[in-house]
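Subject: Structure for your review

Dear colleague,

Please find the structure below, together with its sequence. I would be grateful if you kept it open while reading the notes that follow.

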Amino acid sequence: MAREGRTASTTLTAGQLARARSNASTPNPVTADPVLEDRFFRQMVAHMRTGVVAIRRDGRLAVMNDVAYRVLGLAPNPADLGRPYAEVLHDYPEVTRVLQQVFESSSLPNRAEMRLRKTGRAIGFTISHINDDNGRVVGATFFFKDLTRVEQEEERDRLRDRLAALGEMAAAIAHEVKNPLASIEVMSGVLKRQMTDREEALEILNDIIKEAKMANSIVVEVLEFVRPIQLQVERVVLDDVIKDSITLAEGKRRRGEVTIKTDLDSDVPELLADPHQLRQLFSNLLANAFEALGGEGHVDITGRLELDDLDTESPDAEPEPPKVIVEVRDTGPGMSSDDLERIFSPFFTTKPQGTGLGLAIVRKVVDAHEGKIKASSVPGEGATFQVTLPVVPSERSMGR
Ligand SMILES: Nc1ncnc2c1ncn2[C@@H]1O[C@H](COP(=O)(O)OP(=O)(O)OP(=O)(O)O)[C@@H](O)[C@H]1O
Ligand SMILES: [Mg+2]
């Protein structure tokens, strides 16, 4: 890609800039029709799926295509051409700093990366010099691509690998612990029956049995967590899944006086998904909300359809299939930003009796459906979990 970019920039701008400067009809080495050539190159740059910014040696902006404007979050403005690039890109000091150095150095960044502080987006970029017919450097071109989506996917893959490794270990330990635990439980029961006359010993035995049962339920949960998900995909009505999840969550945790409002947009379609897994997903989120609320407060569940908006996210990426976004928002105490970073990790819990697997299972279900999950919170004001699910998962996830 970098090499293509370099060739294109040299051909394009050398011809264009030389002609613009002298306003003379320099003979064209490629085609006999300079007007056609000029328009062709303009259109080529305008329709590139890569951001292109070209500057002249005197610091003025020569070219900035639509993708560049979009990735940088600026409104396209033809009047920007001819203005100092440092002014136009004022909010992007990272970019202007790189551009400032291009005429002092012959080794230019190639496939480098930077993060734009203003938008938080990561971009991958390559810079080329623009030479005139005599080989003099008359400008520079900055080609870049938005890497945000690539980064997110890499992060998800990394996390999946980590969880897979952790899962294998947890499965092995759980397997080893399960048998001795069952023995403790059975033998304590036998001992209990033989000790009907020793009250104190009986009490201790009851405690042993209770603890062994609790340890066993943790082991069962761990095994449930590490078992690979085999999606049983069918048509799912989201409203039904949410209703069932509320009932399930009420069975797991005390709801008390907590009120729940469900508001799904009428255009939310049926999903192709595994209803059992989705019930587990939403009931775990609701169980957490009930626990956070401690018997009083409110939970809002909203659902909406999102169609791909090419103009925002990553304009140079392929169109995204339609998705449904479900938010579960509670009015509980929320979480600190430190906790927020760790809540999806297996075994992270702030509850004395918690296992810390609820959200790890949620993430696993979301991943299996090729969805996304985001948590946000304002401490003291509540927590929001946003689940994005594709309306139709890819063939790959259905056959997984
Ligand atoms: N709605 C919420 N409000 C505040 N904190 C939350 C909320 N949901 C999750 N958390 C935090 O995230 C942690 C992890 O949640 P997770 O469901 O994975 O485990 P858990 O609820 O502690 O245990 P369990 O395995 O029983 O679900 C919780 O201990 C809590 O600190
Ligand atoms: Mg939980």
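At what angle do helix α6 and helix α7 pack? Before the answer, please note that this is a predicted model. Helix α6 covers residues 148–194 and helix α7 covers residues 199–226; they pack at an angle of about 155°, and their axes are 8 Å apart. Angles over 145 degrees count as roughly antiparallel, and α6 and α7 are therefore roughly antiparallel to each other. The crossing in which α6 passes α7 is left-handed. Sorted by class, the contact of α6 with α7 has 17 nonpolar residues, four polar residues and four charged residues.

A second pair of helices is α8, residues 238–252, and α9, residues 275–293. Their axes come within 8 Å and cross at roughly 50°. The helices α8 and α9 are therefore oblique to each other. Their crossing is right-handed. On the α8 side, the contact is made by V241, I242, D244, S245, I246, L248, A249 and K252. On the α9 side, it is made by P275, L278, R279, F282, S283, L286, A287 and F290. By class, the contact of α8 with α9 has eleven nonpolar, two polar and three charged residues.

I turn next to the sheets. One open sheet is formed by five strands in the order β2-β1-β5-β4-β3, with antiparallel pairing. Its edges are held by β2 (61–64) and β3 (112–115); each has a single partner strand, so one side of each is left without a neighbour in the sheet. On average, and with direction ignored, neighbouring strands of this sheet are turned by 25° against each other. Strand β1, residues 51–56, is joined to β2 by three bridges, and the two run antiparallel. Within this pairing you can look for A54, which stands opposite V63 in β2.

Five strands also form an open sheet in the order β7-β9-β10-β12-β11, and here the pairing is mixed. The edge strands are β7 (259–264) and β11 (372–378), each of which pairs on one side only. Neighbouring strands of this sheet are turned by 15° against each other on average, direction ignored. β7 pairs with strand β9 (residues 298–306) in the parallel sense, over six bridges. T262 stands opposite I301 in β9. Helix α8 packs on this sheet, where it touches β7, β9 and β10 (323–330). The direction of α8 makes about 170° with that of β7.

Which residues are closest to ligand 1? They are N288, T349, G354, G358 and L359, out of 22 residues that surround the ligand. The elements that give two or more residues to this shell are α9 and α11 (358–368). The largest share of the shell, four residues, comes from α9. By class, the residues of the shell around ligand 1 divide into nine nonpolar, ten polar and three charged.

Yours sincerely,
A colleague

Definitions and conventions
Residues numbered from 1 in each chain as written. Chains lettered and ligands numbered in written order. Predicted model: local features only at pLDDT ≥ 70, side-chain atom pairs only at ≥ 80, totals over all residues. Axes fitted to C-alpha atoms, helices over the stretch in contact; angles between N-to-C directions. Parallel < 35°, antiparallel > 145°, perpendicular 65-115°, else oblique. Left-handed = near helix turned anticlockwise from the far one by under 90°. Contact = placed C-beta atoms within 7 Å. Nonpolar A, V, L, I, M, F, W, Y, C, P; charged D, E, K, R; others polar. Near = placed C-beta within 6 Å. Pairing = 2+ DSSP bridges.
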